[in-house]
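Please keep the sequence and the model in view while reading.

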Amino acid sequence: MYNIHGSARVRTDFLRMFGGDALLSLWRRALTNRRDLAEWRSGRIIPRIAATALILALSTAFPAWGQETPNATQDDRQEIRQLRSRVAGLELQINELKALIAKFVQMPEASRAELLSNPANEQVPAERADSLDISPTKPVIALKTQAAGGPPGVKLQNSSGQATEIPVARESNGQIEQASVDPPKGSPIKLAKAQEAQAEEALGANPEKSPEHTMAIPGGGPTLKIRGFLDFNLGVGTDANPLIYPLNIPAKPVHNTFQFGEFDLFMTSQLSDSISFLSEVVFGADASNFWGIDIERAQITYKPNDYFQISGGRFHTSIGYYNTAFHHGTWFQTATGRPFMDFFEDSGGILPVHSVGITTTGLMPGTGKLNLHWIAEVGNGESSSYIGQPIVNQPVQNFLSDKNHKAFNLAGYIKPDWVPGLQIGGSYYNDEMVPAGVPHVDQNIESVYAVYITPVWEFMNEFVEERNKSVGQSKTFDTPLGYTQLSRKFGKYRPYFRYQYVKVPSGDPLYSAAGKYVGPSVGLRIDFTNYVALKVQYNRLYTLDPLPKNGLDGQVSFTF
């Protein structure tokens, strides 16, 4: 049982300091009243004492602590400042004690055992024994008294009698000073610091060989920002699916269906003033109803100035405008989905909208208010085996290329200052495809576009010509692709119209499915909030079939 008669002087000072005369009177009455004494021994009175101390302490401390009142005397303000300084000192000592414990835990086991087994570290100074309620058999760390003018500290001794002093903070002229006493040479802590420095040096040189690599990053590392996008869809009719290319609608009848769209996580991180990283990871299902995970974009960028920027990784190829202006978050797009010509490869698209390689861009010096930009890209190109097939292996060559020849793309555009929102540009893409069992195919893709986009108006026009020619043959197969889209915003409502055209000729060496796909789409986008949009879109599609196809899309897209 706790000895209530011991350390009376310390308890009296404590009660007077925190509870005042009222709490001290309650204490003395408890020592003289037998019933109260029984309550002390049983512990039932402790809640009363604690509540009284808390109320009295708060009632006296908060007015002075919260602010210095105009009526406070100079002595009161000086005492408040001293109390604040002491509290700050205590907080600093607590932090240093935590650091000391952490250092002790990190010491080699032999050094810790040596410190704990040394009797000198179990002694308690005699002048403080009457004020410490500690069992004589419990090991403690002796406190070294402050030397004249020197900082206080914690003193440890090893078995050979060598002393190690761990400095703590002290108060001087109302300011908290950080102690800086270096441990003696050969002390356990000195040895531990040396071993830690050697380990950090070895880890920096060979991090992959260190079994104790903790993935620590200098300075805490760069900040990773994550933005999410998601859409839910309802499709009614044969031309309602916003993800699967019309060339590859499954042979079985298309039913009305709810669709879980793309769960898109967009991540960026600024690694330095001139180096950044971005990635776009998409979770989604396809026409097979199987879930898949795609790293759609992942690129590190070095941009020393506006005239030159280079990125490496997986990126959206700069063919036309839409492919690099709108990525996988459908919330950014006015319509429920991309134009036919810009559908992704694994959704049946025929253009190489993704590339793995290097892309460079920049502002052309001396172009003034014309703002001419250049783009140059080189990459693996699209796989020669899986073009235009939505439910097959990966058409983007992420790791291995099926040819030594590399695809390249050259593009440029202008953004004149005198017409804000106007952008005019074009591109040229070249690759050599190597399908199995047939001659190689030279592929050229040219594009031209003109767009005008403001907060109110949106007017986009693109035209692409894809030319495929088998090596050794004279005939070239041309596939024209294009769209035009117009919309205007009225408050939270944005009605829009899109007309698109795709025609794949029969006999094309790369595409087994030939046909014409032409038709309009009309829709309405409603921005309920800044981050949630409802879209309703009607599609009418004319193909080589005698009857047109119809479809109605409903979509809720949002960012989070």
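The text below passes from the whole protein to one strand and its partners, and then to individual residues.

## Overall composition

The model is predicted. The protein has 560 residues, of which 38% count as buried. Its secondary structure comprises eight helices and 22 strands. Among contacts in the protein with a separation of 6 or more, 52% are between residues 24 or more positions apart. The accessible surface amounts to about 31,600 Å², and carbon and sulfur atoms hold 60% of that area.

| Partner of β19 | Residues of the partner | Bridges | Residue pair |
|---|---|---|---|
| β18 | 477–488 | seven | Leu 486 and Phe 497 |
| β20 | 515–527 | twelve | Gly 519 and Gln 500 |

β18 and β19 form a hairpin, with four residues lying between the two strands. Within the turn, Gly 491 has a positive phi of about 65 degrees.

Which residues make up the nonpolar surface patch of about 870 Å²? They are Leu 234, Val 236, Phe 258, Phe 497, Tyr 499, Tyr 501, Val 522, Val 536, Tyr 538 and Leu 552. Strands β6 (224–237), β19 and β21 (532–541) each contribute at least two of the patch residues. The greatest contribution is that of β19, with three residues.

## Asn 371 in a loop

Asn 371 is located in the loop between β12 (354–363) and β13 (372–379). Its phi is near 55 degrees, a positive value in a residue other than glycine. Most residues other than glycine have a negative phi. Is Asn 371 buried or exposed? Asn 371 counts as buried, because its relative accessibility is 17%, and the limit for that class is under 20%.

The side chain of Asn 371 takes part in polar contacts. One of its polar atoms lies 2.9 Å from the backbone oxygen of Lys 415, and a polar contact of 2.6 Å links it to the side chain of Asp 417. Leaving out residues up to four places away in sequence, Asn 371 touches Leu 363, Tyr 413, Ile 414, Lys 415 and Asp 417.

## Glu 377 in strand β13

Glu 377 lies in strand β13. With a relative accessibility of 7%, this residue counts as buried. Apart from neighbours within four places in sequence, Glu 377 is in contact with residues including Phe 315, His 316, Ile 358, Thr 359, Ala 407 and Phe 408. With Thr 359, the side chain of Glu 377 forms a side-chain polar contact of 3.0 Å. The C-alpha atoms of Glu 377 and Thr 361 are 8.6 Å apart, while the two residues are separated by 16 residues along the chain.

Technical notes. Residues are numbered from 1 along each chain as its sequence is written. This is a predicted model: local features need pLDDT of at least 70, side-chain atom pairs count only at pLDDT 80 or more; totals for chains, interfaces and linings use all residues. Side-chain values use heavy atoms; hydrogens and water are left out. Two strands pair if DSSP finds at least two bridges between them. Buried means under 20% relative accessible area, exposed over 50%, partly exposed in between (1.4 Å probe, protein chains only). Patches are made of residues with over 30% relative accessible area and no salt bridge: like charges are joined within 9 Å, nonpolar side chains (Val, Leu, Ile, Met, Phe, Trp, Tyr) within 5 Å. Accessible areas come from the Shrake-Rupley method with a 1.4 Å probe; for residues, only the protein chains shown count as cover. A salt bridge is a side-chain nitrogen of Lys or Arg within 4 Å of a carboxyl oxygen of Asp or Glu. A polar contact is a pair of N or O atoms within 3.5 Å; within protein, one must be able to donate a hydrogen and the other to accept it, and residues adjacent in sequence count only if both atoms are side-chain atoms. Contact means heavy atoms within 4.5 Å.
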